[in-house]
Amino acid sequence: MRLLALSGLVLAWTLSLAAEERQPWQFSAEERLTLRFDPSKIKERKERYRSDHRLSVRDSVTGNNASDPVSPQAYVIDGRRDPHLFLPHELFDHLLSSFHPDATLATRQRDLYGREIRAMGFDDVEFFRRLHGAAAPYLEVRERNGSPTSRSRCRARREALDAARSAVRDLDVILYLAVAPHSQLASSTGEAARLRDAESGCQ
């Protein structure tokens, strides 16, 4: 057991070094999850979050600060610092907020991501046209089935992501350069299996 734990630490350390030399869209799902759930990395990210938001350790643990989502059982991802820790399907869902039924929210999100996409040299109008065509079946499923844990919704998302990758050049680059920097997440550490399943399309 100790050898396995040590091997895990070595793998996380090796991947951490590699992260400094690779682009965020170049990681596999397993590499992302290994780094994401490594206890030492979780601790580092929590400390950075507290420092950035001027939260004391006591407030974070006791919950005295209602705006602090960090608990002893939670991990934090800030896409500006650690974009490679997001899985593609998570960023894809964030991107699809550009087609939210609330027109005001949808416009705001398209404007936000559109600025980044134009800065990368892409035509954002054509990008969103192609993206909507590829994702339309999934958007319909998402409208009908509000549960984010639905397996049919999970499979539809994976099909839409594959279709969008075929329809849009460099989609993954866009996800990690245009979407991830505007994404943050604080969640439970006990969900690696669920995330792995979701990334595979719940097959």
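Here, Ala, Val, Leu, Ile, Met, Phe, Trp, Tyr, Cys and Pro count as nonpolar, Asp, Glu, Lys and Arg as charged, and the others, Gly among them, as polar. The model on screen is predicted.

**Stop 1: the largest pocket**

Now colour by element. Helix 5, helix 8 (151-167), strand 2 (184-188) and helix 10 (192-199) each give two or more residues to the lining.

**Stop 2: helix 5 against helix 7**

Stay with helix 5. Select residues 88-95 for helix 5 and residues 124-144 for helix 7. A helix pair is described by the angle between the two axes and by the distance between them. Here the packing angle is about 100°, and the axes are 11 Å apart. Helix 5 and helix 7 are therefore roughly perpendicular to each other. Show side chains next. On helix 5, pick F92, D93 and L95; on helix 7, pick F127, F128, L131, A135, Y138 and R142. Those residues make the contact. Seven of them are nonpolar, two are charged and none is polar.

**Stop 3: an aromatic pair**

The structure holds two aromatic pairs, and F99 with F128 is one of them. How are the rings of F99 and F128 set against each other? Their centres are 6.2 Å apart and their planes stand at 85°, so the pair is edge-to-face. The cut-off for that label is over 60 degrees. Trace the chain between the two rings. F99 sits in the loop between helix 5 and helix 6 (103-119), while F128 belongs to helix 7. They are 29 residues apart, and the pair links distant parts of the chain.

**Stop 4: helix 7 against helix 8**

Turn to the other partner of helix 7. Helix 7 and helix 8 pack at about 175°, with axes 8 Å apart. That makes the two helices roughly antiparallel. On helix 7, select R130, L131, A134, A135, Y138, V141 and R142. On helix 8, select S152, R153, A156, R157, A160, A163, A164 and A167. This contact counts 10 nonpolar residues, four charged and one polar.

**Stop 5: helix 2 against helix 3**

Move to residues 29-37 and residues 39-52, which are helix 2 and helix 3. Their axes come within 5 Å and cross at roughly 65°. L35, R36 and F37 of helix 2 meet P39, K41, I42 and R45 of helix 3. Four of these residues are nonpolar, three are charged and none is polar.

**Stop 6: the cavity**

Finish from R45. Which residues lie nearest the centre of the largest cavity? Select R45, Y49, V76, D78 and R81, out of 11 lining residues. The volume is about 80 Å³. One cavity of 30 Å³ or more is found in the whole structure. Helix 3 and strand 1 (74-78) each supply at least two lining residues. Helix 3 gives the largest share, four residues. By type, the lining has six charged residues, three nonpolar and two polar.

How values were computed:
Residues are numbered from 1 along each chain as its sequence is written. This is a predicted model: local features need pLDDT of at least 70, side-chain atom pairs count only at pLDDT 80 or more; totals for chains, interfaces and linings use all residues. Side-chain values use heavy atoms; hydrogens and water are left out. Axes are lines fitted to C-alpha atoms, for helices over the stretch in contact, and angles run from 0 to 180 degrees between N-to-C directions. Angles under 35 degrees count as roughly parallel, over 145 as roughly antiparallel, 65 to 115 as roughly perpendicular and the rest as oblique. Contact means heavy atoms within 4.5 Å. Rings of Phe, Tyr and Trp (its six-membered ring) pair if their centres lie within 6.5 Å; planes under 30 degrees apart count as stacked, over 60 as edge-to-face and the rest as tilted. On a 1 Å grid over the protein atoms alone, a cavity is a set of points where a 1.4 Å probe fits but cannot get out, and a pocket is an open set with protein on both sides within 12 Å along at least five of seven lines; lining residues have an atom within 4 Å of a point. Grid points are joined across faces, edges and corners, and a volume is the space filled by probe spheres set on the points.
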